[in-house]
Amino acid sequence: MKPLPAVLTIAGSDSGGGAGIQADLKTFSMLGTYGASVITALTAQNSLGVSGISAPEPEFVAQQLRTVLEDIPVRAAKTGMLFSEDIILELDSVLDEFSGRLEFPLVVDPVCVATSGDALLKPDALGALKERIIPRATLLTPNRQEAELLTGRKIDRRADCFDAISRLLDLGAGAVLLKGGHFDDSPAMTDWLGMPGYDPLPMIQPRVETNNTHGTGCTLSAAIAAFLAKDCDIIEAVRKAQEYLNLALRTSFAVGHGNGPANHMAPLLVHQGTDQAFVRLVDAGHRLCRIPGAARLAGRLGMNMAVSLPGGCRPEHVASLSAPMVASADGRLLSPGCPSMGADKQTARALLAVREIFHNIFWGVAIQCFVGQENSDLHMEGLLSLEVNAEDVMPGSINAHNLDDHWISSNMTMDWNLHKAVADANLERAPQSVRVIGGAGCPDILYFFAENEDALLLICSQVCGE
């Protein structure tokens with residue numbers, strides 16, 4: 001077997017398993033790399049906080065690093081909790097020893113404070129971090145609090161973000177990713193990627209509402225390092241790492257009584273859930289075809305059915321049919337398509353928009369219809385319904401970046417217009433149907449949403465009037 005690319009983490013141990021070395025090694029393995037580690041500190045830690053820290057002798061930390069680098073062909077590395085000035089100086093000395101012999105990208109996560117608020121960097125170590133480690137960084141990944149500490153300036157507005165990035169680049173970092181999780185609570189979360197000579201680039205992901213944020217900075221920086229080891233450039237590595245963390249947060253769970261960790265196994269769970277989703281989708285399609293009068297739903301333009309994986313946040317996490325379900329000449333509903341992930345991105349984005357607000361919704365049907373068609377007068381009585389105009393309405397946080405059509409088509413993960421309409425309706429439960437009114441010459445799109453296939457098929461049976 002071809003060896004996996006080796007990635008090194010230089011960080012502290014989290015006895016609770018959600019952050020630090022433990023989070024890094026889980027991330028490396030999940031992303032197809034081989035993880036090595038240098039432990040800078042042992043923490044007595046759980047989801048509630050840090051109750052104690054014990055650091056090895058700085059010389060032993062240096063011995064760990066030297067021993068790894070003498071044998072293992074490290075393709076990328078990251079630093080996390082470095083704890084003390086003496087440890088930083090010893091690490092800097094070893095890295096100097098190997099300068100010119102072993103070159104690899106270094107992601108520096110300037111860990112200063114745990115999610116719980118406990119200090120993880122001694123006050124006198126800040127200068128050494130800025131002078132010895134940050135100038136070695138291929139990428140520096142501070143959050144708001146860390147960026148304020150490193151620059152000595154408050155960060156409240158976008159202009160402050162840009163100024164902080166400029167000052168951090170002046171410290172010698174090759175690039176800076178200022179993470180946006182500690183800023184506003186808009187539907188989209190923006191990390192700003194700054195590189196010398198370029199305006200900061202917005203790296204946008206849907207915000208995940210969860211208290212399980214322990215170790216997110218560790219996980220993101222570890223994922224970036226893993227993708228750099230697999231020969232991604234910085235922009236691609238950051239984008240892929242964001243997607244990994246976003247999925248891990250959506251499938252996160254509490255392990256104790258405090259802030260839980262991200263679910264580092266999320267991609268594996270998605271992979272395992274794909275086959276089951278395909279089987280259920282095919283079965284639901286066959287059951288729909290057997291409903292009397294179901295061909296009315298398809299009309300002349302057809303329809304599709306979709307199911308989201310648990311934690312799904314992108315069209316690629318939604319299974320749908322590769323070809324529309326259509327009505328035959330003799331009045332039967334036919335399903336010629338095969339199940340595929342991301343096959344019908346429009347339906348997937350609509351389903352994800354509703355799921356973003358109502359997490360219990362996993363299934364959807366999309367029907368296209370013109371007024372006067374046989375499927376334009378379905379029996380909708382008793383359904384919780386909404387109507388939405390089909391115009392491109394996007395959140396101000398995204399509009400402000402003046403993004404072009406290519407960015408939108410390649411990065412939009414949900415139907416923001418539908419998301420806004422459902423959110424503004426302030427419903428206590430998810431809408432069972434949403435009609436998106438098409439523009440001139442365009443068909444309306446009628447969506448049905450439900451928790452499971454049984455509930456979805458019951459809605460379809462009802463609207464057919466049979």
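**Entry 1: the whole chain.** I began by reminding myself that this is a predicted model. I looked up the secondary structure and found 15 helices and 18 strands. Next I checked the radius of gyration, which is 25 Å; the globule rule gives 23 Å for 466 residues, so the protein is as compact as a globular protein of that length. I also took the box filled by the C-alpha atoms, and along the principal axes it is roughly 80 × 50 × 40 Å.

Entry 2: The accessible surface comes to about 20300 Å², and carbon and sulfur atoms hold 51% of it. For contacts with a separation of 6 or more, I found that 71% join residues 24 or more positions apart.

**Entry 3: charges.** I noted 35 positive and 54 negative charges. Their mean positions lie 2 Å apart.

**Entry 4: a visit to Thr40.** I found Thr40 in strand 2, which covers residues 34-46. Is Thr40 buried or exposed? Its relative accessibility is 0%, and buried means under 20%, so Thr40 counts as buried. I then followed the side chain of Thr40 and saw that it reaches the backbone oxygen of Met81 at 2.5 Å. Met81 also turns up in my list of contacts for Thr40, which leaves aside neighbours within four places in sequence. Among the others in that list are Ile10, Ala11, Gly12, Ala55, Pro56 and Val61. Leu82, Ile87 and Leu91 are in contact with Thr40 as well.

Definitions and conventions
Residues numbered from 1 in each chain as written. Predicted model: local features only at pLDDT ≥ 70, side-chain atom pairs only at ≥ 80, totals over all residues. Heavy atoms only, no water. Helix = DSSP H or I, 4+ residues; strand = E, 2+ residues; numbered from the N terminus. Rg over C-alpha atoms; globule rule 2.2 N^0.38 Å. Contact = heavy atoms within 4.5 Å. Areas by Shrake-Rupley, 256 points an atom, 1.4 Å probe, with all protein chains shown as cover. Lys, Arg positive; Asp, Glu negative; His and termini not counted. Charge placed at Lys NZ, Arg CZ, Asp CG, Glu CD. Buried < 20%, exposed > 50% of the residue type's maximum accessible area, 1.4 Å probe, protein only. Polar contact = N/O pair within 3.5 Å; in protein donor to acceptor, adjacent residues only side chain to side chain.
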